[in-house]
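Jotting down what I looked up as I went.

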Amino acid sequence: MASQYQNTVWLWMEGAFARRIMYQLLIKGLVESPAALLRGETTTPSLRVIRVQIGSGYGWECVDRTAEPHPKGASNPCLRTTDLATGVSQFIYESTSITQYLEEVYPDSPMQPKSAIDRAKMLDILGKINLTAVDSNYFLRNTVPEHGAIMGLEAADQSRTAAMNARSCETKGMLKIQEWAVENGMIPTSGWLTPGVDGPGLADVAFVSTHRFIELVYGFDAVGDERLRTLAAWYERFKQLPWWKELEDREGVLLPMLDFGKRSRASWFQQEKDNEWIPIAPSTSGRTS
């Protein structure tokens, strides 16, 4: 099927949801290395990767100015697939859908289970991951003024009550993800969120991408709750993948435009005498040069 279609994916490689696709490409061997990924080089001619950045007008600009422009009005990540026989193109806009499409088109090194029941279990976990990401977003928009502004929330309207409620819902969602993963056979020392595969799968990259972005940019540890020790151990296991350090500890991994994330806090947060209910992520390199 892959040879019948030309697939082009535009990625803001410093973002949360683009990371889902980046991790997938690395695990499946569709790119040889993080360096090749950052250059947009793939191992198959039917797949093109175009790296984009946020332009001066806050639109998407290609890092390589000679590359095909990001589709106008589209969110990021974004994938276009073109039928080479008919020339007809179609677009996919959501990261969950993009990763599942790529999995179907490039089935080698599978990241989703073959059996119907395991596939359904994976979709359960994926759905919960996406819902939990919404809770994370509401926590951040009520805790970090700049993030709130991007989401249309004035600093004066940021609410401690809303932030605490969102954090509580986020933790409940993660406890459920952990519970389901344990039911599927994951233990603190082995196993993955995605059932029925030999290594990390689509559910794993979906969770890690958001967690890593929040940890890196905002300094919060979503799996720092003592009740999430199995999930925390799983995250440390994921970080042992051979390409992780080259990709996630590289210079420039944290953009200067995002350096507000760890220092800017809502007025209610600054007034708190005890913020121990919010686990802080361990210090990472966060290099911006």
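This is a predicted model: local features need pLDDT of at least 70, side-chain atom pairs count only at pLDDT 80 or more; totals for chains, interfaces and linings use all residues.

**Notebook: rings, then sheet**

I started with W244, which counts as buried at 4% relative accessibility (buried is under 20% relative accessible area, exposed over 50%, partly exposed in between, with a 1.4 Å probe and protein chains only). W243 is buried too, at 9%.

Residues are numbered from 1 along each chain as its sequence is written, and side-chain values use heavy atoms, leaving out hydrogens and water.

Next I looked at ring pairs. Rings of Phe, Tyr and Trp (its six-membered ring) pair if their centres lie within 6.5 Å; planes under 30 degrees apart count as stacked, over 60 as edge-to-face and the rest as tilted. I get 16 aromatic pairs by this rule. Y218 and F260 are edge-to-face, 6.5 Å centre to centre with 65° between the planes. Both Y218 and F260 are buried. The W243 and W244 planes meet at 40° with ring centres 6.2 Å apart, so that pair is tilted. W243 and W244 also belong to one aromatic cluster with Y23, W192, Y235 and F238.

Last, the sheet. I found five strands in an open, mixed sheet, ordered β3-β2-β1-β4-β5 (strands are DSSP E runs of at least two residues, numbered from the N terminus; two strands pair if DSSP finds at least two bridges between them). The edges are β3 (60-62) and β5 (89-92), each pairing on one side only. Strand β2 (residues 47-54) runs antiparallel to β3, joined by three bridges. Q53 has E61 in β3 as its bridge partner.

Methods. Helices (H or I, at least four residues) and strands (E, at least two) are DSSP runs, numbered from the N terminus.
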